[in-house]
Amino acid sequence: MNFDPRFSGRQFKSVGTRPIRPDGVDKVTGRARYGADFSMAGQLVGRVLRSPHAHARIRGIDTSKAEQLPGVKAVITAADLPDLTNGDAAMFDILDNCMARTKALYDGHAVAAVAAVDARTARQALKLIEVDYEILPHVTDVDEAMQHGAPLINDAIFTEGLEEKPVKPSNVSKRTQYGHGDVHEGFGQADFIVERSFKTEQTHQGYIEPHACVANVSSDGTADLWVCTQGHFVYRQHCAQLLGMEASKLRVTSSEIGGGFGGKTHVWAEPVALALSRKAGRPVKLVMTRDEVFRASGPTSATSIDVKIGARKDGTITAAEATLRYTSGPYAGMWAEIGAMTAFACYRLDNVKTVGYEVLVNRPKTAAYRAPSAPMAAFAVESAVDELAKELGMDAVEFRIKNAAQEGTRSSYGPVYGPIGIGPTLEAAKDHPHMKAPLGKNQGRGMACGFWFNFGGQTCTDLNIGMDGSVSLAVGTVDVGGSRASLSLVAAEELGIDYSQVKAIVADTSSLGYNDMTDGSRGTFSSSMATISAARNAIKILRERAAQTWDIPVDDVVWEKGHAIARGEKYGNLAALSLKEIAAASGKTGGPIAGHSELVADGAGVSFATHICDIEVDPETGSTRVIRYTVVQDAGKAVHPTYVEGQYQGGAAQGIGWALNEEYIYGKDGRLQNAGFLDYRIPVCSDLPMIDTQILEIPNPNHPYGVRGVGETSIVPPLAAIANAVSNAAGVRMTHIPMSPPRILAAIEAEREG
Amino acid sequence: MRYIRPLSIEDAVGQLAGAAGPAAILAGGSDLLVRMKGGFVEPDLIVDIKLIDGLSEIRETAEGFSVGATVPCAALRENAPLKKAWPGVVEAASLIGSKQVQGRCTMAGNLCNASPAADSVPALVAAGAQALIVGPGGKRTIPVEAVPTGPGKTSLARGEIVEAILLPKRAARSGDAYLRFIPRTEMDIAVVSAGVNLTLDEQGVVTAARVALGAAAPTVLLVEEAAEALIGRKLDEAALERLATVCAGACRPIDDKRGTIEFRRKVAGVLARRAAITAYERAGGK
């Protein structure tokens, strides 16, 4: 394959327009099939028994009564999912999380499961399973878990990354460090230093569709899995490995997805459903309840972060330092490390140091949540940056512009930046009318910046041209935000045909080569690159067919505006052949026409955003109202601007919920108190203003159209932007997320009392 | 599980009284169905009272208003005389759940669900509303605040049904208001709430007052001392300050996932004060 992914400036015809998405009508009319909408003849209902304890040794499980209940077809425990991970620690954690082996490690940890003829029987069967627990002391708070004498969650974990290997096990699985220069020296040069500690509570992605799947294991050892996922190829690998199957014998089909945001990159129910089906010999549908989703899927980390930043009088930052502690649930993680990498990525710093600690707690295993780990780090850093600007007497935007990273800057996590968008987003924010709009009583304005890496990864697509000239595009990246529309636009652009001639689908794991998950904002970035490559391969064949029809050398045939054109004066009398005409004749010119592509999409350009928001605070109740919100973000090139705006707005909306009200609340008993949308408060429609967006297009040099991922960066600045706005409105610095009314009122009262 | 739809209240009472196992009354179902789905209750008998004649009517009588047990809260907003007489009660009922929920839920159900955070109940208590109860022993009328006895518990005997909520006839120069605190704008449950009902004389002096607090104790509180703080005075700053202090002091709240004791106390006072100002304006006070 000699595909050239480099950016080339070009005029677009389809890319940049806003047609209706191919999946839209079915979604708004209720026809679209989500995870729980698939059913098979003879299917059983799967249900999972979960630990009510935060930390308990499982002394024994008696399933005999449940097995004898009429209508129960299979009961499984960890014994039915033997350890086949062969020393792969990360896979063993996934296995143990799917079904607790020796210990239940959090409230909601699966301990057994049943498959029965109906839901009522399955529920009754769960009540008949007797688990003998020895309750152990637990810890759910990040700082408490790090203290000496804290209940130890896993005595085989010794902190990695220390100079000397520790002799005692710990709840800290790893220490990581990033940065360059000498912060000690840098702080010595500073005229002003701000030093603050921050906390953020654990939040859930809050996708509206719970995890759901149908598993069908045949007696010949092959199996089908229909599932709601962000990555069916990864689910296939993980499930196959955990169940001891060959991956080729497991076919995984991804359903439509009612939100994932990183939370559907990890298996929970799927290996259990497969194990139940294998034991029962019948298909099993397993749908998690909302309560189970909160207690036992993968929320993001709770954090505790210390930040210290120093600057000279002229506004130059001389040193920046942060210590970041992130919970990873009861297993080892790498979440603090990502926080340590992203914390200062927006700035040009001579002296910077970040240290991350991965902390085990008795909470569900942490999973990715949209730019995982970056929003909390940005909250701490951008709050301190705002405060430092105040101390310097500088405008918050000007201070950031003065210190913003640019092309050639060595980033705080190592690499040197190419062309990036932090400066332009700040300049755009500075010039935005929002910045000059007057504020009312009890209102405050805040702004903040955010960074995310973005990812490319392994990608495989097929582009088939039908005899009627229609183009079907099969991709392996699950469509979480309108990528089928965007990829159809890209295919139409490259082929020079109309968008309506292209139909994109997400193919199953048996129909395409391996694709990485839709994560790291890679869906449109990577699959558009593969689509361009596949389309170019198809064009090569289209040109060959035209050349054959005309009986001229293929090198004399060019492809322009959806037509093969014979180049050169001697072919002046040959009428151009359209894609439709070539396709119609394909049966006689060599058979079907298709383009294939498999590649690793390197060079996902880093992404930056700047957000501005206005918040009104009721000083008597601590109640908040978001008055106005503006997102400025670099998209490289917005393929379908409506869906780019949707990503910007969605990230901001989730960030607003996280900043103001969402949190996991644990009781003293280590049980989750608010496992439902009533008391886990995501914003409702009326809580949000219209979120304004401004798309900047600073081309990514590593993509033919300049595309950058856009899905995640939009959730990075909101916690900080809102915290800065609330702090300005309330007249007191808020350091604990979420800034719920009780926290705001307590802070105002404390400030009043001095 | 048996589901029945009796056509008369006598039949409904008889079926409930004669039920061997746990039985439940279904009006709007916005609490019952959620509880059943969550596995918190498993009734053997469900008596749907929506087909019973007259229960879905709002009647204006010589004594005031009678709101039938199956009148959905959304219908209250559509009744102009009721809205004019008891705006606070109607606004309280209009805060329950969401628009969709309000199309089903009822004030009688809100009362019998016996949640201390019920939105319509503090407004009804402030209004001096009565519950008309039918049971195996005949009819009786009691103040609404005597129905709930604790979270999820009522004083209703086996077989008894609240047939209607009775709101008294309005004196001249009267007004009521209800406010609740939630962190969101809708789809939520009161962290703390306050209902205030006032009657003024021609000079704007408060002659009668009732103040009720929700989510501040195991049941809705009728705070007589708060009423006393207002009676005999215009709604001056000192009276409002006293009202807020008394309300904050009268609370017996708990620390839970929805709010702290300290927060609830403070906000109870703030809401009572704000509701009093609105009620006073509605009564024609200046």
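I'll start with one strand, β14 of chain A, residues 317-327: eleven of its eleven residues are buried, so this strand is largely enclosed by the rest of the structure. Keep in mind throughout that this is a predicted model.

What does β14(A) pair with? On the one hand there is β13 of chain A, residues 303-311, which runs antiparallel to β14(A) and is joined to it by nine bridges. One position to look at in that pairing is Thr303(A), which stands opposite Tyr326(A). The two strands form a hairpin with five residues between them, and in that hairpin Gly315(A) has a positive phi near 95 degrees. On the other hand there is β15 of chain A, residues 352-359, which pairs with β14(A) in the parallel sense over eight bridges. There, Ala320(A) has Val352(A) as its bridge partner. So much for the pairing; as a reminder for reading the side chains, in a regular strand they alternate between the two faces of the sheet.

Now chain A as a whole. The chain holds 21 helices and 27 strands. Its radius of gyration is 27 Å, close to the 27 Å that the globule rule gives for 754 residues, so chain A is as compact as a globular protein of that length. The C-alpha trace spans about 90 × 75 × 50 Å along its principal axes. Buried residues make up 58% of the 754 in chain A. If we take the contacts in chain A between residues at least 6 apart in sequence, 80% of them join residues at least 24 apart.

Next, the contact between the chains. On the chain A side 17 residues take part, and on the chain B side 15. The chain A side has seven nonpolar, six polar and four charged residues.

That brings me to chain B. Its domain assignment gives domain 1 as 2-48 + 57-168, and domain 2 as 174-282. The centres of these two domains, taken over C-alpha atoms, are 24 Å apart. How many residues are in contact across the two domains? Domain 1 of chain B contributes 25 and domain 2 of chain B contributes 26. On the domain 1 side, the elements giving two or more residues are α5 (87-93), α8 and β8 (148-150) of chain B. Of these, α8(B) gives the most, with six residues. By class, that side of domain 1 of chain B has 16 nonpolar, six polar and three charged residues.

Chain B also has an open sheet of four strands, in the order β11-β12-β13-β14, with antiparallel pairing. Its edge strands are β11 (174-181) and β14 (221-222) of chain B, each of which pairs on one side only. The pairing of β13(B), residues 206-214, with β14(B) is antiparallel and rests on two bridges. Within that pairing, Ala212(B) stands opposite Leu222(B).

Which helices pack on this sheet? Helix α11 of chain B, residues 261-282, does, touching β11, β12 and β13 of chain B, and its direction makes about 30 degrees with that of β12(B). Helix α8 of chain B, residues 120-127, lies across β11, β12 (192-200), β13 and β14 of chain B, at about 25 degrees to β12(B).

Notes:
Residues are numbered from 1 along each chain as its sequence is written. Chains are lettered from A and ligands numbered from 1 in the order in which they are written. This is a predicted model: local features need pLDDT of at least 70, side-chain atom pairs count only at pLDDT 80 or more; totals for chains, interfaces and linings use all residues. Two residues are in contact if their C-beta atoms, placed from the backbone, lie within 7 Å. Ala, Val, Leu, Ile, Met, Phe, Trp, Tyr, Cys and Pro count as nonpolar, Asp, Glu, Lys and Arg as charged, and the others, Gly among them, as polar. Two strands pair if DSSP finds at least two bridges between them. Axes are lines fitted to C-alpha atoms, for helices over the stretch in contact, and angles run from 0 to 180 degrees between N-to-C directions. The radius of gyration is taken over C-alpha atoms; the globule rule is 2.2 Å times the number of residues to the power 0.38. A residue is buried if 20 or more other C-beta atoms lie within 10 Å of its own, exposed if 12 or fewer, and partly exposed in between; C-beta atoms are placed from the backbone. Domain bounds come from an automatic or database domain assignment.
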